[in-house]
Amino acid sequence: MNYLWAGMMLVAIIYGAIHGTIPEVTQAALDSSKEAVSLCITMLGILSFWMGLMKVGSASGLIGKMTKGILPILSWLFPRIPKGHPAMEQIAVNCIANILGLGWAATPAGLKAMEELKNLEEERRAAEVFPGQQTGTVSAGARSRQLGVKNAGGCGYPAVSKGVASDEMCVFLILNISSLQLIPMNVVAYRSQYGSVNPTAIVGPAIIATAVSTVAGIIFCKVMDGKRNW
């Protein structure tokens, strides 16, 4: 990415030098820098406002209730994640933030969810290599079934190699990218910043577009999962 941006800057400078528009290029760079700072300040205010609402919702128990409400859907999407695993809670928080259109606010929960999924995959690898040492009071077979590895009579999938994304990571990434949004606050803020007459006009089309992309992503994940089972 760094090379890409450096190449674009170099091309712009060379083009400006050839056509004698270096002053215009310099002025455009200064104007863009000023505009970027102004946009960041605007987005910081909006993000702070919604993060505050999320904090209030969390303290009042609203976020907890919303999380419990979508857990059945997430359990269907992520059948191999053990019940009560920390990854599920982080995935739920990320999905709620995305639904509310808080893209930046959803990032911390998304990163934490990926970290928990990584830890889960390490548990699975350990259960395959040392099934009798990772169970505590639970039998090796029960632990293997819970983690979804092949030790338990060949059921489930094997753990992926270190450095390879697991099925849960891939599904979560698709779900995060498709991101159903009821209130696309970031886009509304951008449109308002750049002088749109009706910044909220994007809400209806955004709901339809993100709903279609989310359904398509879920169908794709389930079809691929079905092929692996078959």
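Which helix gives the most to the lining of the largest pocket? The answer is H3, with five residues. Let's take a tour of this predicted model, in which local features need pLDDT of at least 70, side-chain atom pairs count only at pLDDT 80 or more, and totals for chains, interfaces and linings use all residues. Residues are numbered from 1 along each chain as its sequence is written, and side-chain values use heavy atoms, leaving out hydrogens and water.

**View 1. The whole chain is built from nine helices and zero strands.** Helices (DSSP runs of H or I, at least four residues) and strands (E, at least two) are numbered from the N terminus. Reading along the sequence gives the pattern α-α-α-α-α-α-α-α-α. Of the 230 residues, 30% count as buried (under 20% relative accessible area with a 1.4 Å probe, protein chains only; exposed is over 50%, and partly exposed lies in between). Among contacts (heavy atoms within 4.5 Å) between residues at least 6 apart in sequence, 64% join residues at least 24 apart.

**View 2. The largest pocket holds about 490 Å³ of space.** A pocket is an open set of points on a 1 Å grid over the protein atoms alone, with protein on both sides within 12 Å along at least five of seven lines; a cavity is a set where a 1.4 Å probe fits but cannot get out, and lining residues have an atom within 4 Å of a point. Points are joined across faces, edges and corners, and a volume is the space filled by probe spheres set on them. The pocket has 21 lining residues, and Ile 63, Gly 64, Thr 67, Glu 89 and Val 93 are the closest to its centre. Two or more lining residues come from each of H2, H3 (62-77), H4 (86-99) and H5 (103-129). By class, the lining has twelve nonpolar, six polar and three charged residues (Ala, Val, Leu, Ile, Met, Phe, Trp, Tyr, Cys and Pro are nonpolar, Asp, Glu, Lys and Arg charged, and the others, Gly among them, polar).

**View 3. Thr 67 and Glu 89 are two of the residues closest to the pocket centre.** Thr 67 sits in helix H3 and is buried, with a relative accessible area of 10%. Leaving aside neighbours within four places in sequence, Thr 67 touches Ala 92 and Ile 96. Glu 89 belongs to helix H4 and is partly exposed, at 49% relative accessible area. Between the C-alpha atoms of Glu 89 and Ala 113, which are 24 residues apart along the chain, there are 8.0 Å.

**View 4. Asn 94 is a buried residue of helix H4.** Its relative accessible area is 2%. Beyond four places in sequence, Asn 94 is in contact with Ala 106, Ala 109, Gly 110, Phe 172 and Asn 176.

**View 5. Helices H2 and H8 pack at an angle of about 145°.** H2 covers residues 22-60, and the axes of the two helices are 10 Å apart; axes are lines fitted to C-alpha atoms over the stretch in contact, with angles from 0 to 180 degrees between N-to-C directions. H2 gives Ser 38, Leu 39, Thr 42, Met 43, Ile 46 and Trp 50 to the contact, and H8 gives Met 185, Asn 186, Ala 189, Tyr 190 and Gln 193. Together these residues divide into seven nonpolar, four polar and no charged.

View 6. Not counting residues up to four places away in sequence, Gln 181 touches Asn 98, Ile 99, Gly 101, Ala 206, Ile 207 and Thr 210. The C-alpha atoms of Thr 200 and Val 188, twelve residues apart along the chain, are separated by 5.8 Å.

**View 7. A search of the whole structure finds one cavity of 30 Å³ or more.** The largest cavity has a volume of about 50 Å³. Leu 77, Val 171, Ile 174, Leu 175, Ser 178, Thr 214, Gly 217, Ile 218 and Cys 221 line it. H7 and H9 each supply at least two of the lining residues. This lining comprises six nonpolar, three polar and no charged residues.
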